[in-house]
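Biologist: Please take a close look at a single strand and its surroundings. I would like one connected account, with the cut-offs stated.

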Amino acid sequence: NIARVEVLKGPQSALFGRNSTGGAINIVTHDPDGDEVLRGSLSYGSFDERIAKLYLNGGDDVVAANVAFSLNRDDGYIKDLNGGPDRGWVHTWALRSKLRVRPNDSLDLILAYNRVERDDTLATAQQPFNNNTVTRNTPGVILPTRPNETSGLGGELNLVQDTASLTL
């Protein structure tokens, strides 16, 4: 459902806020229209990764809507040396929807809503770089020596994000 990708070089603080001093990437999605569209995909990958995507669009010249949904789940790939379950797993789902109302040629109203829910242990799985860790000389500590291993207890990142906009 991507209409275009805009790559804006240099400081973009005036348009996108203070954290865009090095530039910005703006992904613009399609606005709803009268074309009836149904697209979907399913994929399966390494570490039991499952991805499902669905896109719907339809309506007429006055009222149209579209919905995009994606689901991504995997079982993780970072071995816990303390005997716990694998870390580095990601469970994410996202919904993006737009409603467009055009009662006449001079008024175009677009209401957009997005929701993302993400749970993962990838962000919290500590892995030392070249044995560079404070615990390397502590007796009894299991220290990872290869990539994709961890001995930290870590935690879990839980994110819920809702955004909405109205364009006239």
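Modeller: Two strands pair if DSSP finds at least two bridges between them. Strands are DSSP runs of E with at least two residues, numbered from the N terminus. This is a predicted model, in which local features need pLDDT of at least 70, side-chain atom pairs count only at pLDDT 80 or more, and totals for chains, interfaces and linings use all residues. Residues are numbered from 1 along each chain as its sequence is written, and side-chain values use heavy atoms, with hydrogens and water left out.

The sheet is open and has six strands in the order S3-S4-S5-S7-S8-S10, with antiparallel pairing. Strand S3 (37–45) and strand S10 (157–167) are at the edges with a single partner strand each, so one side of each has no neighbour in the sheet. From one strand to the next, the twist averages 5° (axes are lines fitted to C-alpha atoms, and angles run from 0 to 180 degrees between N-to-C directions).

Strand S7 (residues 90–104) pairs with strand S5 (residues 63–73) over eleven bridges, in the antiparallel sense; Leu 71 has Trp 93 in S7 as its bridge partner. S7 is also joined to strand S8 (residues 107–120) by 13 bridges, again antiparallel. Here His 91 is partnered by Asp 119 in S8, and Arg 100 stands opposite Ile 110. A hairpin of two residues links S7 to S8.

Ser 97 lies in S7. Its relative accessible area is 19%, so Ser 97 is buried (under 20%, with a 1.4 Å probe and protein chains only). Leaving aside residues up to four places away in sequence, Ser 97 touches Asn 66, Val 67, Leu 111, Ala 112 and Tyr 113, where contact means heavy atoms within 4.5 Å.

Conventions: Helices (H or I, at least four residues) and strands (E, at least two) are DSSP runs, numbered from the N terminus. Buried means under 20% relative accessible area, exposed over 50%, partly exposed in between (1.4 Å probe, protein chains only).
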